[in-house]
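Here is a short briefing for a reader new to this structure. Look at the sequence and the model first, then go through the points by topic.

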Amino acid sequence: MRRVVALAAWAYPVWLLLTWTLSLEQLLTGLVVALALGLAFAPLGEVARPWRLLAPRRLLAVARLIGATLVRIVVANVDLAGRIWSPGLPLRSGMLVVPTTQRTDGGLAATGLITSLIVGNQIVDVDRARHQLQYHAVELPHGNRQHPEDDVNAPIERLIAPLVGR
């Protein structure tokens, strides 16, 4: 029963975000759909319980992750806009393979999704055996050539680590 409730608790906010309507009918329909999804998917295995996010340390870690991600997204978008409006700026796009500290499915998924939201990099592949991520980069990092992960995934992974474990 806890799996059903946890799944429904994740599905309901998704419903609200997708429908973006707060009529009584939409709210009740969303509740029914969320419970149906919870019942359908509960036999598939364990699910993270959303109320665990309310623990003060975890809530602070999530707030830090969201804040850092938003800052990186804005900076990357401003940089990309500058490159679009100033075509004379050099553009060094290419593929980049960087090591990852994440070992869990959740950690790898979070790292890939969050770093791909930051406009300059899009995750392409995960090599679990070698603990590497491959990205397509609009602008290859030029600051630290020995450790390009410091510019791509490492800052996000440090913020994800307390949330997913290793």
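Asparagine 153 is buried, because its relative accessible area is 0% and buried means under 20%. This is a predicted model.

**Asparagine 153**
- Asparagine 153 lies in a loop. Helix H5 (149-152) is on one side of that loop and helix H6 (154-164) is on the other.
- Which residues touch asparagine 153, leaving aside its neighbours within four places in sequence? They are Val98, Pro99, Thr100, Thr111, Thr115, Leu133 and Tyr135.

**Leucine 27**
- Leucine 27 belongs to helix H2, which covers residues 24-41.
- Leucine 27 counts as partly exposed because its relative accessibility is 26%, and that class runs between the 20% and 50% cut-offs.
- Tyr12, Leu16 and Leu22 are in touch with leucine 27, if residues up to four places away in sequence are not counted.
- How far apart are leucine 27 and tyrosine 135 in space, C-alpha to C-alpha? The distance is 40 Å, and 108 residues separate the two in sequence.
- Tyrosine 135 is also one of the contacts of asparagine 153.

**The strand pair**
- Strand S2 takes in residues 121-127, and strand S3 takes in residues 132-137. The two pair in the antiparallel sense, over six bridges.
- Glutamine 122 has histidine 136 of S3 standing opposite.
- S2 and S3 make a hairpin, with four residues between the strands. Histidine 131 sits in the turn and has a positive phi of about 60 degrees.

**Fold and dimensions**
- How many helices and strands does the chain have? There are six helices and three strands.
- Read from the N terminus, the order of elements is α-α-α-β-α-β-β-α-α.
- The radius of gyration of the chain is 19 Å. A compact globule of 166 residues would come in near 15 Å.
- The C-alpha trace spans about 55 × 40 × 30 Å along its principal axes.

**Contacts, surface and charge**
- Of the contacts in the chain with a separation of 6 or more, 68% link residues 24 or more positions apart.
- Buried residues account for 30% of the 166 residues. Asparagine 153 is one of the buried residues.
- The chain carries 16 positive and 11 negative charges. Their mean positions are 8 Å apart.

Terms used:
Residues numbered from 1 in each chain as written. Predicted model: local features only at pLDDT ≥ 70, side-chain atom pairs only at ≥ 80, totals over all residues. Heavy atoms only, no water. Pairing = 2+ DSSP bridges. Rg over C-alpha atoms; globule rule 2.2 N^0.38 Å. Buried < 20%, exposed > 50% of the residue type's maximum accessible area, 1.4 Å probe, protein only. Contact = heavy atoms within 4.5 Å. Lys, Arg positive; Asp, Glu negative; His and termini not counted. Charge placed at Lys NZ, Arg CZ, Asp CG, Glu CD.
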